[in-house]
Amino acid sequence: TIPRPARIAPGTLWRGPVTLDLARFHKTFFDESREGLDVMERGLLALDQHTDTEAVHTIFRAAHSIKGGAATFGFSAVAS
């Protein structure tokens with residue numbers, strides 16, 4: 001039998017551990033990463049035309065989002 005965790009409030013039904021289908025979350029991560037890469041590409045191409053600090057901030061935000069998502073899922077090569 002699975003012991004009831006101490007953090008479950010009295011009267012709450014304990015149904016055992018919950019399993020997640022990470023494939024669904026991985027797909028979302030990859031879809032969002034592709035969108036982020038598109039944003040980064042447009043920003044980098046815009047920098048070829050003129051220096052724009054907002055474009056630089058947009059590029060870094062997209063890269064930071066991809067890096068954070070990669071770290072969340074243990075994709076250390078991408079996160080680093």
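Author: Helices (H or I, at least four residues) and strands (E, at least two) are DSSP runs, numbered from the N terminus. By that criterion the protein has three helices and zero strands, and the sequence order follows the pattern α-α-α. The model is predicted, and local features need pLDDT of at least 70, side-chain atom pairs count only at pLDDT 80 or more, while totals for chains, interfaces and linings use all residues. Residues are numbered from 1 along each chain as its sequence is written, and side-chain values use heavy atoms, with hydrogens and water left out.

Reader: What makes the span of α1 close to the expected one?

Author: The expected span of a helix is 1.5 Å times one less than its number of residues. Helix α1 has 28 residues and reaches 41 Å from its first C-alpha to its last, close to the expected 40 Å.

Reader: Why are α1 and α2 called roughly antiparallel?

Author: Two packed helices are described by the angle between their axes and the distance between the axes. Axes are lines fitted to C-alpha atoms, for helices over the stretch in contact, and angles run from 0 to 180 degrees between N-to-C directions. Angles under 35 degrees count as roughly parallel, over 145 as roughly antiparallel, 65 to 115 as roughly perpendicular and the rest as oblique. Helix α1 (residues 22-49) and helix α2 (residues 53-72) pack at about 155°, with their axes 9 Å apart. The pair is therefore roughly antiparallel.

Reader: Which residues of α1 and α2 make the contact?

Author: Contact means heavy atoms within 4.5 Å. On the α1 side, the contact is made by F29, S33, G36, L37, V39, M40, G43, L44 and L47. The α2 side consists of A55, V56, T58, I59, A62, A63, I66, G69 and A70.

Reader: How do the residues of this contact divide into nonpolar, polar and charged?

Author: Ala, Val, Leu, Ile, Met, Phe, Trp, Tyr, Cys and Pro count as nonpolar, Asp, Glu, Lys and Arg as charged, and the others, Gly among them, as polar. On that scheme the contact of α1 with α2 has 13 nonpolar residues, five polar and no charged.

Reader: Why does G43 count as buried?

Author: Buried means under 20% relative accessible area, exposed over 50%, and partly exposed in between (1.4 Å probe, protein chains only). G43 has 10% relative accessibility and therefore counts as buried. This residue of helix α1 is in contact with A55 and I59, leaving aside neighbours within four places in sequence. G43 and A55 are twelve residues apart in sequence and 5.3 Å apart in space, C-alpha to C-alpha.

Reader: Why does F29 count as buried?

Author: F29 is at 9% relative accessibility, so this residue counts as buried. F29 touches I66, G69, A70, F73 and F75, not counting residues up to four places away in sequence. The buried residues of α1, among them F29 and G43, pack against α2.

Reader: Why is S80 called exposed?

Author: S80 has a relative accessible area of 77% and is therefore exposed. S80 lies in the segment after α3 (76-79). The C-alpha atoms of S80 and K67, 13 residues apart in sequence, are 7.4 Å apart in space.
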